[in-house]
Amino acid sequence: MTHEQALDGALIIDKPAGITSHDVVRRVRRLLGIRRVGHLGTLDPFATGVLVMLLGKATRLARFYDDRLKSYEGVIRFGLSTRTYDFTGEPASEQTTAALDPEELRAAFRSFRETITQMPPPFSAKKIGGVPAYRKARRGETVELTPVEVTIHDLELTRIEGMDVGFSTRVSPGTYIRSLAHDLGQKLGIGAHLTALRRTASGEFDESMAVSLERLDELAGVGQSPVVRLSDLMPDIPSVLLSGEDAERVRYGQDLTLPELGNRVKLLDPSGRLCAIAERAQADQFHPCVVLETPANEPATAESPPT
């Protein structure tokens with residue numbers, strides 16, 4: 001087994017404030033000496049918390065995380081909106097210092113607990129004609145983004161301190177918490193922006209599993225890494241332990257007849273390693289849609305890692 005093969009899997013980093021998600025990717029590549037690294041969902045530079053890194057062959061599993069929910073905790077400051085919808089941007093409204101009504105706040109929070117149409121922030125990585133929106137916004141150009149449908153599964157008020165309101169939320173992928181803060185301010189008519197944000201969970205991964213970059217450096221220095229193995233990823237998808245003959249068929253992309261365990265299964269070779277993800281083609285016939293273990297002496301199909 002090569003060094004990179006030993007690192008195939010997921011690594012959960014506790015992202016610090018002040019660096020970009022891609023900065024974390026570069027640090028992980030350098031610390032672990034591995035090229036294929038991607039992440040599941042960008043965090044703004046000021047945000048902290050769970051940033052899931054997929055390493056090696058695991059980068060090919062990114063598509064199966066497209067629908068996983070994310071959880072956050074943060075602070076919204078009411079009384080002022082900004083151009084970026086967070087504390088790093090220039091003011092976009094007059095400052096208001098009126099006292100907040102707790103019941104009015106809770107009612108506003110409740111009104112967002114549903115599937116909504118959300119406008120991404122003008123300062124975001126959403127592309128317009130191939131150009132990130134934030135680049136246009138920085139140049140003072142008009143930013144015309146398309147609203148997207150997102151679902152706010154939970155949104156709870158946790159504390160009120162002056163004009164600062166703590167909250168926790170669980171949302172569908174693609175939800176901008178900055179936009180949520182801005183929209184709450186618009187609903188109450190007093191403006192609002194995000195002053196702190198921490199991601200506490202992303203899919204099956206939560207902050208109890210996360211390590212700091214400093215801790216990763218320490219572990220890498222003694223030849224260790226807290227990587228979640230391929231076979232332990234996506235625990236909600238049933239697994240099937242294959243015979244040697246069936247595992248070889250899967251490596252060549254051949255369909256298998258399997259018990260009806262669901263529409264998607266993880267296929268493990270006789271040693272327990274994840275060799276493929278298969279999806280139901282019809283009845284009890286399953287087709288390997290992603291093959292991680294290729295036949296001997298044949299190179300794996302190259303895929304670009306997520307960014």
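Residue numbers start from 1 along each chain as its sequence is written. The model is predicted, with local features requiring pLDDT of at least 70 and side-chain atom pairs pLDDT 80 or more, whereas totals for chains, interfaces and linings use all residues, and side-chain values rest on heavy atoms, without hydrogens or water.

The chain contains seven helices and 17 strands. These are DSSP runs numbered from the N terminus (helices: H or I, at least four residues; strands: E, at least two). Of its 307 residues, 47% are buried. Buried denotes under 20% relative accessible area, exposed over 50%, and partly exposed the range in between, with a 1.4 Å probe and protein chains only. Contacts are defined by heavy atoms within 4.5 Å. Among contacts between residues at least 6 apart in sequence, 68% join residues at least 24 apart.

Helix 3 spans residues 102–111, and its buried residues are L105, A108 and F109. These residues lie on the same side of helix 3, because they cover an arc of only 100° around the axis. The arc is taken over the directions from the helix axis to the C-beta atoms. An α-helix has 3.6 residues a turn, so residues three or four places apart point the same way. The buried residues of helix 3 pack against strand 4 (70–78), strand 8 (148–161), strand 9 (164–171) and helix 5 (177–188). At the start of helix 3, the backbone nitrogen of E103 has a side-chain oxygen of D101 within 2.9 Å.

Two packed helices are described by the angle between their axes and the distance between the axes. For helix 3 and helix 5, the axes come within 10 Å and cross at roughly 125°. Helix 3 is therefore oblique to helix 5. Axes are lines fitted to C-alpha atoms, for helices over the stretch in contact, and angles run from 0 to 180 degrees between N-to-C directions. Angles under 35 degrees are roughly parallel, over 145 roughly antiparallel, 65 to 115 roughly perpendicular, and the rest oblique. The crossing of helix 3 past helix 5 is right-handed. In a right-handed crossing the near helix is turned clockwise from the far one by less than a right angle; anticlockwise is left-handed. On the helix 3 side, E104, L105, A108, F109 and S111 take part, and they meet L184, K187 and L188 of helix 5.

Helix 5 also holds H182. H182 is buried, at 13% relative accessible area. Leaving aside residues up to four places away in sequence, H182 touches S81, Y85 and A192. Y85 sits in the loop between strand 4 and helix 3. Its phi is near 70°, a positive value in a residue other than glycine. Y85 is buried, with a relative accessible area of 13%.

Most residues other than glycine have a negative phi. A283 is not a glycine, yet has a positive phi of about 45°. A283 occupies the loop between strand 16 (274–282) and strand 17 (285–291). A283 counts as exposed, at 51% relative accessibility.

In helix 6 (residues 213–221), L213, L216 and L219 are buried. Their arc of only 115° around the axis puts them on the same side of helix 6. The face turned away from this buried side carries the exposed residues E214 and G221. The buried residues of helix 6 pack against strand 1 (9–15) and helix 2 (21–32). G223 follows helix 6 and has a positive phi, near 75°.

Key
Polar contact = N/O pair within 3.5 Å; in protein donor to acceptor, adjacent residues only side chain to side chain.
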